[in-house]
Amino acid sequence: MNVITDFFSKGQKIGLAVSGGMDSMALLHWFFENKQKLGISIVVINIDHDIRSTSYEDSAFVQDYCQKIDVPCLFYKLDRQKLFKNNVENSARLERYAIFHELIEKKEVDYIATAHHAKDNAETVLLHLFRGCGLKGAGGISLKTPKGIIRPLLYTPKEEIIQYINDNNIPYVTDETNLCTDYDRNFIRLEILPKIEERFKEAVKNINSFSKTAKVDNEFIEQYVPGQKVNNNELFIPLEHFNFKDSIINREILNSLNSLGIHYDIDSSHIELVKSLVLRPAGTKLDIKNGIIALRDYNGITLIDKSNLENDEFLDFSVPFGTGKIKLPNGVLEVELMKNDFDDINFLKNLQEQYLDADTLPSDCVIRFRRAGDCINKFGGSGKVSLKEYFIDKKILARKRNRVPLLAKKNQIYAIIGISVSQEVKITSQTQNIYKLKFLEEQ
């Protein structure tokens, strides 16, 4: 049986994801027989997804087998009640991989190997194509993920696994849900792929060859895709990026969704939905998938977790203004009182911090966030305007306005933290004492 072993080195511990089925039992047997030659240790990870009434029997089978061959077995049981009812299979997969990643992060194992094989990869490629994938999806299953999941059997034909099972008389269990065509993957496995193989004998081999080529091409294109940076569960794509070739901007949107935690079942319709916002007015928002919303901003598209928009921790927040560090829901405001010993106060305007006249600032001011009726005397003496008008004039996005800290007394705003100060407290040549404000926003 062909097994890829280039992933690891001597002395490492490899976790084996074993369900009890034919493929994973073949994987376990092969690693057990070859672990000394490879110079590695192994541990089995078994997860009862609690989706079937008999799933506990499969887990008991795996644990008994591990005990017989003296291999440690880590057992986990998922709570079905916590799985997404509209997509139990995908939800279980996410929970399963969360366990894998945690084991790797905690250094319990160096890698975790799954038993995905060549036919699994072919099925995945077809599934992605039918759902409208791009080149990345056509690459199928990853041989190795950045988080340490490896697939040593990925290009091993199913026939080799069956032969290995028979030659070594390896016991296994059968998951009856694998025979149910209600699941898309099972439909492809049981209905579509067998008919294709009847006519095209080398179909699985050729699909895998195509997926390898797609992976190489995808890696080349990725070099030209802008990187993504997630701040506070949101990610911004500048408007000019939508002038890139489709192969680039489509990939940037896909990678952005991945960065926000959406890794599965993304198709071309989700990509096109995000792109459609370019022609919509600022403020338009669309639901994309799994709680991620795309918003048309003034100069681009922001992808954001819906929970960010529904957070009300800013509404009733209010703390007295004073020197020192003031903890806010979205950062820390540092306030320092200093003497005006500067020969030229104009240089203060060019610094990152904000400066205001401490002697003209009324007492009993507070740091809070926006409320109805707020107004500000615009810097430069151009008169009083509502805070809403000011935000619109400065093109502050509507979804961000409730998160901008304010220095206020009643409805009078004396400083919009990080943006501007009011005319009443501006620094002049007569200023004797200065408040220096510096806002450190949490990322």
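Helix axes are taken here as lines fitted to C-alpha atoms, over the stretch in contact, and the angle between two of them runs from 0 to 180 degrees between their N-to-C directions. In this predicted model, helix α7 (residues 184–199) packs against helix α8 (residues 203–222) at an angle of about 105°, and the two axes lie 9 Å apart. Because angles of 65 to 115 degrees count as roughly perpendicular, α7 is described as roughly perpendicular to α8. On the side of α7, the contact is made by Leu193, Ile196 and Glu197, which meet Ala203, Val204 and Ile207 of α8. The residues of this contact divide into 5 nonpolar, no polar and 1 charged.

Side chains of opposite charge can pair when their charged atoms come close. In the model, the count of salt bridges comes to 16. One of these pairs is formed by Lys106 and Glu102, whose side chains meet with a distance of 2.9 Å from N to O; Lys106 is exposed, with a relative accessible area of 55%, whereas Glu102 counts as partly exposed at 40%.

A salt bridge also joins Lys275 to Glu272, with the closest N and O atoms 3.5 Å apart. Both residues belong to helix α10 (residues 268–276), and because they are 3 residues apart in that helix, they are separated by about one helical turn. Lys275 is buried, with a relative accessible area of 18%, while Glu272 is partly exposed at 42%.

The salt bridge of Glu234 with Lys400, in which the closest N and O atoms are 3.3 Å apart, links distant parts of the chain, since Glu234 lies in strand β6 (residues 234–238) and Lys400 in helix α13 (residues 398–401), 166 residues apart. Glu234 is buried, with a relative accessible area of 17%, and Lys400 is partly exposed, with a value of 32%. Elsewhere, Asp120, Glu123, Arg185 and Arg189 are linked in a network of salt bridges.

The cysteines were examined in turn, and the count of disulfides comes to 0. For Cys73, the closest cysteine sulfur is that of Cys66, at 4.3 Å, which is too far for a bond, because a disulfide requires a pair of cysteine sulfur atoms within 2.5 Å. Cys73 counts as partly exposed, at 25% relative accessibility. Cys375 is likewise in no disulfide, and the nearest cysteine sulfur, that of Cys365, is 13 Å away; Cys375 counts as buried, at 14% relative accessibility.

Key
Residues are numbered from 1 along each chain as its sequence is written. This is a predicted model: local features need pLDDT of at least 70, side-chain atom pairs count only at pLDDT 80 or more; totals for chains, interfaces and linings use all residues. Side-chain values use heavy atoms; hydrogens and water are left out. Helices (H or I, at least four residues) and strands (E, at least two) are DSSP runs, numbered from the N terminus. Angles under 35 degrees count as roughly parallel, over 145 as roughly antiparallel, 65 to 115 as roughly perpendicular and the rest as oblique. Contact means heavy atoms within 4.5 Å. Ala, Val, Leu, Ile, Met, Phe, Trp, Tyr, Cys and Pro count as nonpolar, Asp, Glu, Lys and Arg as charged, and the others, Gly among them, as polar. Buried means under 20% relative accessible area, exposed over 50%, partly exposed in between (1.4 Å probe, protein chains only). A salt bridge is a side-chain nitrogen of Lys or Arg within 4 Å of a carboxyl oxygen of Asp or Glu.
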